[in-house]
Structure formats: C-alpha cells, structure tokens
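Here's a quick briefing to read with the model open in your viewer.

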Amino acid sequence: MNHRRNGILRDEELNRHLPPPARLAAGPVVVIECVENIPCNPCVQACPRDAIIIEGDINNTPTVDYDRCNGCGLCISACPGLAIFVVDAGRTDGVGVVVLPYEYLPLPAKSEIVSAIDREGNIVCDALVVRVADSKAFDRTPLVSIEVPQEYVMIVRHFRCKGGRD
Ligand code: SF4
Ligand code: SF4
C-alpha cells in the first residue's frame, strides 16, 4: 500500500523510519524513507555491514539495524528511488549534516552556499556544501553533504543551488 499523500510522506509514516533519538545523537546514521511496496532490494546488497534488512517478501520495505550502521553512505547511491539519506546530529556545535543523492548538473562546489529545502519543496534555510562525492564508488550518483542547523536534519531532504540552478 502506498502511504504517501501527493508523493509526500505523512508524519506518522515517516516516524516509523526514524532512527531512535539516542542513535541519532550518536553520529552519522542512515535514514531510509522508503514506503513503496515494490520488488526492490539493492540497498540491502549495497550495505557492507548487513544493516539493511528486507524480511520475507521482496516487496516489503526495508528496516535498519541502526546499531550496525556506521553512516558510511554506500547505500545512498544504490537506491533508484533516491529514498536514502545519512544524517549526522551528533555534533556538539549545533550543526548537523545531511548527506543526500544529487542527480542535477552542474554539481555544487565545496564551500558553496545553497538553499536547503524540505520534502515539500519549501526552502528551509541556507546550507553549506561540505563535501561532493562524485566517484564510481558511488555508482555515478553523486552524494552531496550539506551543513544545516541541527534541528533541521530530519527536515531537509534536498537543496537548490542559488542563482537558478536546481
Ligand atoms: S550508511 Fe553504510 S552502514 Fe549504514 S546502512 Fe548504509 S551502507 Fe550500511
Ligand atoms: S533500494 Fe531504495 S527503493 Fe529499493 S527497497 Fe531499498 S530504499 Fe526502497
């Protein structure tokens, strides 16, 4: 069953996919926002720590053993649905990091300021690009890491380059 409303996750659905607060506070960890019951499992195969599990039918959505996940991000590019993120809410300076797949060109540059946006496309805040990983290790889907205020790590899920680039 599709739990989305107009393609946007409902709060109650999203809450089932959140790492426990203690794990979130412990540092980088995966967040999988996959709610479609479709035959898909490359995320399971991509994780070297066997942290992603699809029990039973391949149409089931994945669950995560958060104690196994170290936030490496290898699973992000494996997901054709762009439904996987890594968030870091473990820093003590109030800054959080969101690592997300980014399929637009041109890529942003490290140290560029971009507009962080939420699941509904609303601008949330400015964000600093701290890493752009564009290598074959990531199956050619670049990963971009952006810094945002820590309270926004579970809100920001995309960004838009300033000056008209998406
Ligand atoms: S971030 Fe790394 S360790 Fe965590 S689920 Fe993804 S591939 Fe596995
Ligand atoms: S690869 Fe992505 S879409 Fe497929 S099951 Fe995993 S999280 Fe869901």
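Let's start with Pro 101, which counts as buried because its relative accessible area is 6%, under the 20% cut-off. Pro 101 belongs to strand S7, and its C-alpha lies 6.4 Å from that of Val 144, a residue 43 positions away in sequence. Keep in mind that everything here comes from a predicted model.

**Overall layout**

- The chain has 3 helices and 11 strands.
- Going along the sequence, the order of elements is β-β-α-α-β-α-β-β-β-β-β-β-β-β.
- The chain has 166 residues, and 43% of them count as buried.

**Aromatic cluster**

- How many aromatic pairs are there? The count is 2.
- One of the pairs brings together Tyr 102 and Tyr 104, with ring centres 5.4 Å apart. The planes of these two rings meet at 55°, so the pair goes down as tilted; edge-to-face would need over 60 degrees.
- Is Tyr 102 buried or exposed? Tyr 102 is buried, at a relative accessible area of 0%.
- Tyr 104 is partly exposed, because its relative accessibility of 38% falls between the 20% and 50% limits.
- Tyr 102 also pairs with Phe 159, and this pair is stacked: the centres are 4.2 Å apart, with 10° between the planes.
- Put together, Tyr 102, Tyr 104 and Phe 159 make one aromatic cluster.

**Charge over a ring**

- Which ring has the charged end of Arg 157 sitting over it? The ring is that of Phe 85, and the charged end of Arg 157 is 4.8 Å from its centre.

**Around ligand 1**

- The shell around ligand 1 includes four cysteines: Cys 47, Cys 69, Cys 72 and Cys 75.

**Around ligand 2**

- Ligand 2 has Cys 34, Cys 40, Cys 43 and Cys 79 around it, along with Ile 32, Pro 42, Pro 80 and Ile 84.
- What does the shell around ligand 2 consist of by class? The shell has 8 nonpolar residues, no polar and no charged.

**The loop between S7 and S8**

- Leu 105 and Pro 106 are joined by a cis peptide bond, with omega at about -5°.
- Pro 106 sits in the loop between S7 and S8.
- Ser 111 is in the loop between S7 and S8 as well. Its phi is near 80°, a positive value in a residue that isn't glycine.
- Ser 111 is exposed, because its relative accessible area is 54% and the cut-off is over 50%.

**Other loop residues worth a click**

- Where is Asp 50 placed? Asp 50 is in the loop between helix H3 (42-46) and strand S4 (52-53).
- Asp 50 isn't a glycine, yet it has a positive phi of about 55°.
- Asp 50 counts as exposed, with a relative accessible area of 52%.
- Ala 26 is in the loop between helix H2 (21-25) and strand S3 (29-32).
- Ala 26 is exposed, with a relative accessible area of 60%.
- Ala 26 and Gly 90 are 64 residues apart in sequence, while their C-alpha atoms are 5.1 Å apart in space.

Conventions:
Residues are numbered from 1 along each chain as its sequence is written. Chains are lettered from A and ligands numbered from 1 in the order in which they are written. This is a predicted model: local features need pLDDT of at least 70, side-chain atom pairs count only at pLDDT 80 or more; totals for chains, interfaces and linings use all residues. Side-chain values use heavy atoms; hydrogens and water are left out. A residue is near a molecule or strand if one of its heavy atoms lies within 4 Å of it. Ala, Val, Leu, Ile, Met, Phe, Trp, Tyr, Cys and Pro count as nonpolar, Asp, Glu, Lys and Arg as charged, and the others, Gly among them, as polar. Rings of Phe, Tyr and Trp (its six-membered ring) pair if their centres lie within 6.5 Å; planes under 30 degrees apart count as stacked, over 60 as edge-to-face and the rest as tilted. Buried means under 20% relative accessible area, exposed over 50%, partly exposed in between (1.4 Å probe, protein chains only). A charge sits over a ring if NZ of Lys or CZ of Arg is within 6 Å of the ring centre and within 35 degrees of the ring normal. Helices (H or I, at least four residues) and strands (E, at least two) are DSSP runs, numbered from the N terminus.
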